[in-house]
Amino acid sequence: MNYLIAKVNDRKEKYRKVIADNTVFYSLPINLKNHHEYTPAYKLEDDEWYSVSNFSKKDFCIELIKDKFDTTPYKLLTKADPCNVTYLCAFQDNTVYYFQRVFKHSVLERKKVLILGDEIAVKETPKQIVLSDNADAIYIIEEDTLYFRKLETIAPIFVGIEVLYREATKEEVADFLEQEFIHTDEEYSVEKVGKVNRQRIAIAIENFNKLNKKQKEVIFQYTNKYYPQLNFDGTAFTIKTEEDMKYLLYGLEQRYYTTPATNEKRVANSVSNIPKKWL
């Protein structure tokens with residue numbers, strides 16, 4: 001049996017039954033095997049998915065997955081509910097959960113349409129929710145793994161999952177700017193550090209703090225070599241703008257590289273470790 005339920009804006013009874021039959025609402029994408037354990041440093045290719053393993057053990061896993069699936073307590077979705085639906089969940093073959101966010105543009109209001117068939121007629125359509133070809137998130141029970149493509153899309157479904165791509169706190173940014181290898185211009189301060197760079201700092205400080213003194217010195221020279229526009233006096237970089245901060249963080253993450261054949265200097269927009277089996 002396959003089930004389709006809807007999450008609605010109702011604090012007491014947040015789920016509604018939609019359909020329970022053998023209809024298949026979604027199917028597993030054939031490219032789901034092309035997945036990467038989520039890291040904000042990696043950007044997906046068109047045929048890839050992010051994954052989060054041991055998902056049921058995470059704090060942001062929802063009770064719908066943790067508990068045994070049972071629609072008995074749920075009321076039926078009524079024609080007044082579509083505008084209050086926040087996401088759909090299809091439970092299929094007792095093995096897979098499919099989640100789809102429902103945005104305002106996904107809910108079609110009543111409209112008069114001209115039906116052109118064996119009989120030509122004008123009819124008024126009821127409110128409709130458009131089902132996507134692919135779900136926004138897929139959870140496979142036997143693998144205990146969640147698959148998705150956009151973290152920002154599924155964040156309202158799995159509240160707290162944004163911790164996977166967190167921003168450095170104000171205190172962390174302040175501590176980072178006070179590092180000995182950073183000199184900030186008078187006009188650049190904690191308040192001037194934007195969201196994207198706060199996210200980069202959260203990644204950088206975790207990895208950078210694991211390095212020893214010699215490794216850090218190598219990274220400073222490496223950063224200066226690839227981005228000499230950033231003022232470096234041999235011990236510290238002078239940061240005047242958000243652009244300066246971005247390119248310093250690229251250096252700390254070791255994103256700069258030179259192509260072997262054409263000797264072009266580049267910066268990697270996405271990074272991923274090469275699996276040991278390839279080495």
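In what order do the nine strands of the open sheet stand, and with what kind of pairing? Before I answer, please keep in mind that this is a predicted model, in which local features need pLDDT of at least 70 and side-chain atom pairs count only at pLDDT 80 or more, while totals for chains, interfaces and linings use all residues. Residues are numbered from 1 along each chain as its sequence is written, and side-chain values use heavy atoms, with hydrogens and water left out.

The order is S3-S4-S13-S12-S7-S6-S1-S2-S5, and the pairing is mixed. Strands here are DSSP runs of E with at least two residues, helices are runs of H or I with at least four, and both are numbered from the N terminus; two strands pair if DSSP finds at least two bridges between them. At the edges stand S3 (35-37) and S5 (75-76), each with a single partner strand, so one side of each has no neighbour in the sheet. Within the sheet, S7 (residues 96-101) and S12 (residues 137-140) run antiparallel and are joined by four bridges, and Tyr97 stands opposite Tyr139 in S12.

Let me turn to the helices. Two packed helices are described by the angle between their axes and the distance between the axes. The axes are lines fitted to C-alpha atoms, for helices over the stretch in contact, and the angles run from 0 to 180 degrees between N-to-C directions.

For H5 (residues 213-226) and H6 (residues 242-252), the axes come within 9 Å and cross at roughly 130°. Ile219, Phe220, Tyr222 and Thr223 in H5 meet Tyr247, Leu248, Gly251 and Leu252 in H6, where contact means heavy atoms within 4.5 Å. By class, this contact has six nonpolar, two polar and no charged residues; Ala, Val, Leu, Ile, Met, Phe, Trp, Tyr, Cys and Pro count as nonpolar, Asp, Glu, Lys and Arg as charged, and the others, Gly among them, as polar.

H6 also meets H4 (residues 195-208). The axes of H4 and H6 come within 10 Å and cross at roughly 30°, and the two helices are therefore roughly parallel to each other. H4 passes H6 in a left-handed crossing, and the residues in contact include Arg200 and Phe208 of H4 and Glu242 and Tyr250 of H6. In this contact of H4 with H6, seven residues are nonpolar, one is polar and three are charged.

H3 passes H4 in a left-handed crossing, in which Glu172, Val173 and Phe176 in H3 meet Arg198, Ile201 and Ile205 in H4. These residues divide into four nonpolar, no polar and two charged.

Terms used:
Left-handed = near helix turned anticlockwise from the far one by under 90°. Parallel < 35°, antiparallel > 145°, perpendicular 65-115°, else oblique.
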